Amino acid sequence: WLDVINLTGDPLFGLHFGESLQLSALGVVGELIKSSNTVGKAVTIASTLVHLITPLIGIRITHHQNAFTIHFDCLDKQQEQQPIYKETLDLLMVFVIHELDGLILEKIKPIRIKYKNRIHEINLKEYERVMRSQPQFSKLENSITFSSLYWNEPILSSNYELQRILIQQHQALLMQPSLNNTFHTKIFNYLLSNSYLGLVSIEQIAANFNISARTLQRRLKLEGTSFQHIADEARKTLSIQYLSAGEYSIKQVSHMLGYNEISAFTRTFKRWTGVAPTGFRKQ
């Protein structure tokens, strides 16, 4: 941690690292979704996996009448004043906030955030920006409190029946391989076939074809196209199909196409079609 802070010149590296991480980066997103149908259950399971990240901090959850609190307990008091503990604590606390966004598909503002160590006044505004609430000093605990309304919020991607339907529907949308069997067609079909898993990165696709991302981009360039163009083409095709079917909410469609926020999907869909998803559905 000390080397990273020195190399980056960022004394709040743990805070910013947590802000940028995705649940999939830790390889647990599949397990959480497979075994959780609500946010509360996902958070509970995630709390048991913290030892895979660090032996310094444990997570426990308490419930109140209108809220639930996630506590970050120090498991090694000798390390509590060390940089490694502070950076890891920042990482975990901000990671929890931003990953709840990904499960609920909206930006969550905690009711309250408590830190046992005082945060320097110079850094307070940055903590407030990243964590969406100004941390309070507490001698007793490091914790984040959320509204209980989120606890029973369903996780959309745990709906396997919806996934099955989506897979069946987009089979009819697959491009028929042309005589020259272009790479463009292969990538487009791969994106459609895996769309129910959410956003598939260029690195994942390249690995599927046993080539590097750079080679994939070069081959597509030779065909006069790009990965971004094909990804947009696939999402546009799927979004029109899903919205036309009328069986799924715009929030569901947005999530299944890999968008974390409905607003981002709405802007992109309007760019594709000239009309917002709600207007398209009415037409």
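Reply: In this predicted model, ring pairs join F265, F269, W272 and F280 into a cluster. Over the whole structure, a search finds eight aromatic pairs. One of them is formed by F13 and F17, which are stacked, with 5.5 Å centre to centre and 25 degrees between the planes. Both residues belong to helix α2, where F13 and F17 lie four residues apart, about one turn of the helix. An α-helix has 3.6 residues a turn, so residues three or four places apart point the same way. F17 is partly exposed, its relative accessible area being 33%.

The pair of F68 and W151 is edge-to-face, at 4.8 Å centre to centre and 65 degrees between the planes. This pair links distant parts of the chain, 83 residues apart: F68 is in strand β2, and W151 is in the loop between β5 and α7. Both F68 and W151 are buried.

The buried residues of α6 (residues 121–131) are Y127, V130 and M131. Seen down the axis of α6, these fall within an arc of 80 degrees, so they line one face of the helix. What covers them includes α2, α5 and β3. The face turned away from the buried side of α6 carries the exposed residues E121, I122 and K125. Just after α6, R132 takes a positive phi of about 65 degrees.

Another aromatic residue, F183, takes part in a helix contact: F183, H184 and I187 in α8 meet L216, R219 and L220 in α10. By class, this contact has four nonpolar, one polar and one charged residues.

How values were computed. Residues are numbered from 1 along each chain as its sequence is written. This is a predicted model: local features need pLDDT of at least 70, side-chain atom pairs count only at pLDDT 80 or more; totals for chains, interfaces and linings use all residues. Side-chain values use heavy atoms; hydrogens and water are left out. Buried means under 20% relative accessible area, exposed over 50%, partly exposed in between (1.4 Å probe, protein chains only). Helices (H or I, at least four residues) and strands (E, at least two) are DSSP runs, numbered from the N terminus. The arc is that of the directions from the helix axis to the C-beta atoms. Contact means heavy atoms within 4.5 Å. Ala, Val, Leu, Ile, Met, Phe, Trp, Tyr, Cys and Pro count as nonpolar, Asp, Glu, Lys and Arg as charged, and the others, Gly among them, as polar. Rings of Phe, Tyr and Trp (its six-membered ring) pair if their centres lie within 6.5 Å; planes under 30 degrees apart count as stacked, over 60 as edge-to-face and the rest as tilted.
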